[in-house]
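Please read them with the structure open.

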Amino acid sequence: MPALRLRERFRAFAESTARALGSPWAFLGACAAVTSWALTGPRFHYSETWQIVVNTGTTIVTFLMVFLLQNTQMRDSTAIHLKLNELLRAVHEARTGLVNLEALPDAKIEELQAEFGEIARQEAELDAVEPGAGRPVSPGPSTGSVRPPPSPGSLRIRSLD
């Protein structure tokens with residue numbers, strides 16, 4: 001339980017820090033700090049210590065921000081994957097085998113990328129001959145193109161092959 005609390009606190013801290021430091025005000029603050037540092041150069045005779053202050057400060061901030069930004073990026077990426085997985089599951093004609101595609105081996109992802117490239121090429125050819133022909137609209141059964149969520153025991157994954 002304590003590990004869960006720590007993760008949640010870190011998530012909240014990382015998210016709020018990334019949001020604050022990604023704001024225009026934070027950028028202006030950083031510009032002001034660098035300008036102030038540069039303006040103090042003549043007073044400190046551009047000494048090594050004067051240079052080390054900014055180098056050390058920026059290195060520490062950069063090092064810590066890598067972890068905060070990685071955390072928020074992973075969380076956002078996971079949320080996007082879950083949303084896309086739900087869309088794939090809900091769209092009647094979608095291949096639900098594409099759910100969790102990010103877990104497939106690179107070779108399989110490259111194979112799918114080539115397949116989708118070929119589909120795009122064929123659709124472009126059809127559109128060149130007859131605009132709109134490359135994307136046929138086929139609503140699903142009586143509910144449009146989106147089907148209602150399945151009952152918990154009825155989930156099925158269709159093959160990618």
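1. A residue is called buried when its relative accessible area is under 20%, exposed when that area is over 50%, and partly exposed in between. By that cut-off, 15% of the 161 residues in the protein are buried. Keep in mind that this is a predicted model.

2. Overall make-up. The protein has 4 helices and 0 strands. From the N terminus, the order of elements is α-α-α-α. Among the contacts with a separation of 6 or more, 58% are between residues 24 or more positions apart. The accessible surface comes to about 12700 Å², and carbon and sulfur atoms hold 66% of that surface.

3. Salt bridges in helix α1. The whole structure holds 9 salt bridges. One of them pairs Arg11 with Glu8, with the closest N and O atoms 2.6 Å apart. Both residues lie in α1, 3 residues apart, or about one turn of the helix. Glu8 counts as partly exposed, at 41%.

4. A second pair in α1. Arg19 forms a salt bridge with Glu15, and the closest N and O atoms are 3.0 Å apart. This pair also sits within helix α1, 4 residues apart, about one turn of the helix. Arg19 has 58% relative accessibility, so it counts as exposed. Glu15 is partly exposed, with a relative accessible area of 28%.

5. A bridge between distant parts of the chain. Glu115 forms a salt bridge with Arg95, the closest N and O atoms being 2.9 Å apart. The pair links distant parts of the chain: Glu115 is in helix α4, Arg95 is in the loop between α3 and α4, and they are 20 residues apart. Both ends count as partly exposed, Glu115 at 30% relative accessibility and Arg95 at 21%.

6. Helices α1 (2–21) and α3 each supply at least two of the lining residues. Helix α1 gives the most, with 5 residues.

7. A nonpolar surface patch. Ile60, Phe63, Leu64, Val66 and Phe67 form a nonpolar patch on the surface. Together they have about 510 Å² of accessible area. Leu64 is found in helix α3. Its relative accessible area is 48%, so Leu64 counts as partly exposed.

8. Backbone angles to check. Most residues other than glycine have a negative phi. His45 has a positive phi of about 55° although it is not a glycine. This residue is in the loop between α2 (24–39) and α3 (48–90). His45 counts as exposed because its relative accessibility is 67%. Asn100 is not a glycine either, and its phi is positive at about 60°. Asn100 is placed in the loop between α3 and α4 (106–129). It is partly exposed, with a relative accessible area of 41%.

Methods
Residues are numbered from 1 along each chain as its sequence is written. This is a predicted model: local features need pLDDT of at least 70, side-chain atom pairs count only at pLDDT 80 or more; totals for chains, interfaces and linings use all residues. Side-chain values use heavy atoms; hydrogens and water are left out. Buried means under 20% relative accessible area, exposed over 50%, partly exposed in between (1.4 Å probe, protein chains only). Patches are made of residues with over 30% relative accessible area and no salt bridge: like charges are joined within 9 Å, nonpolar side chains (Val, Leu, Ile, Met, Phe, Trp, Tyr) within 5 Å. Accessible areas come from the Shrake-Rupley method with a 1.4 Å probe; for residues, only the protein chains shown count as cover. A salt bridge is a side-chain nitrogen of Lys or Arg within 4 Å of a carboxyl oxygen of Asp or Glu. Contact means heavy atoms within 4.5 Å.
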